[in-house]
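I opened the notebook to look up the aromatic rings and their surroundings, and I begin with the coordinates themselves.

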Amino acid sequence: MIVLGIETSCDECSAAVVRDGHEIMSNVIATQIELHKPYQGVVPELASRLHTEWIQQVVEASLHQAGITNKDLDAVAVTSRPGLLGSLLVGVSFAKCYASALSIPFIGIDHIRAHLYASQIETPLEYPYLGVLVSGGHTVICRVDDYDKVEVLGTTIDDAIGEAFDKVAKFYDLGFPGGVVIDRLSQKGDPTAFLFPGPSLDGDEHRYDMSYSGLKTAVINQKEQFRKKGADDTPENIAASFQRQAVGILMKRVRLALHDTGLKRVSAGGGVAANSLLRSELKALEKSGYTVTFPSLKLCTDNGAMVAGLGYRYLKDGIISDSHLSASARVNAFKKN
């Protein structure tokens, strides 16, 4: 079965063709980064307008790259939640009409589940496993029992990890997107130059939760309090020290969740899963007998392939959406249990 996947939840306009959930025949990603750079962040109105202008040609390019026509498609899958509402509406509206015109099924996809499924496309991992979703809008540690069966164990109680990266980078005018710039600068910095604090979350209800607001505030407003004697106050040292603590906060909860659940498999997804330090720290778990998978770098960022791959699983099980499905900005299905 061949599925067209469409992703427009934020600032990436992407369409991909995937066969049988694993064979990526095409994955076209039209990025808006350069157009949002002057604002050092994504401007929702600009993002949705660009999606409207680009989506048809992106879809056509994905079909051309796959070497097929739209008549070869068995279904159209599209991200319907969560994300920027205006951007989501462009993708959902287009996908509905496209599927209707071809008389094929239309499938609405949850963005978070798609990121959790991304690594399964390239490196299938036996269920259950611990899912680690890290992006600009979400930070989630969960137990994944199947492609559509997810139990949230912990989330951030304030800023997402990627959001913290972006805000720190914006404050110090390091560049956009913040996560990429900070990761690059960190390679040349001393991660112990600033001993930034981690959060103190008490109580069993916060056992696997994370917080990045305090760390962000410390880096932006109080960094001199945490500078080690004799350390240089450079962008590289700030970046390396911040990244070390940001990843450390996450890894502390990941290790705790693995210990408590007894799970032996881990899979990460989302834009921050491309971070070199996080990948290194997760990979190091293999020394303790865990199996760890990541998506390739191209499948970490928002992309149509993960949407099409997950769409295939729904299609295979006969689960499709009707024409009344609309976009939603909220994370309705991913509240902590």
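This is a predicted model: local features need pLDDT of at least 70, side-chain atom pairs count only at pLDDT 80 or more; totals for chains, interfaces and linings use all residues.

Residues are numbered from 1 along each chain as its sequence is written, and side-chain values use heavy atoms, with hydrogens and water left out.

Next I counted ring pairs, taking rings of Phe, Tyr and Trp (its six-membered ring) as paired if their centres lie within 6.5 Å, with planes under 30 degrees apart called stacked, over 60 edge-to-face and the rest tilted; the count comes to seven aromatic pairs. Tyr147 and Tyr314 form an edge-to-face pair, 5.2 Å centre to centre with 85° between the planes. Tyr147 is buried at 7% relative accessibility, and Tyr314 is buried at 9%.

I then returned to Phe165, whose ring centre lies 5.0 Å from that of Phe242 with the planes at 65°, so this pair is edge-to-face. Phe242 has 0% relative accessibility and counts as buried.

Ring pairs also link Phe194, Phe196 and Phe226 into a cluster.

Last, I looked for a charge over a ring (NZ of Lys or CZ of Arg within 6 Å of the ring centre and within 35 degrees of the ring normal), and I recorded Arg279 over the face of Phe294, at 4.6 Å from the ring centre.

Definitions and conventions. Buried means under 20% relative accessible area, exposed over 50%, partly exposed in between (1.4 Å probe, protein chains only).
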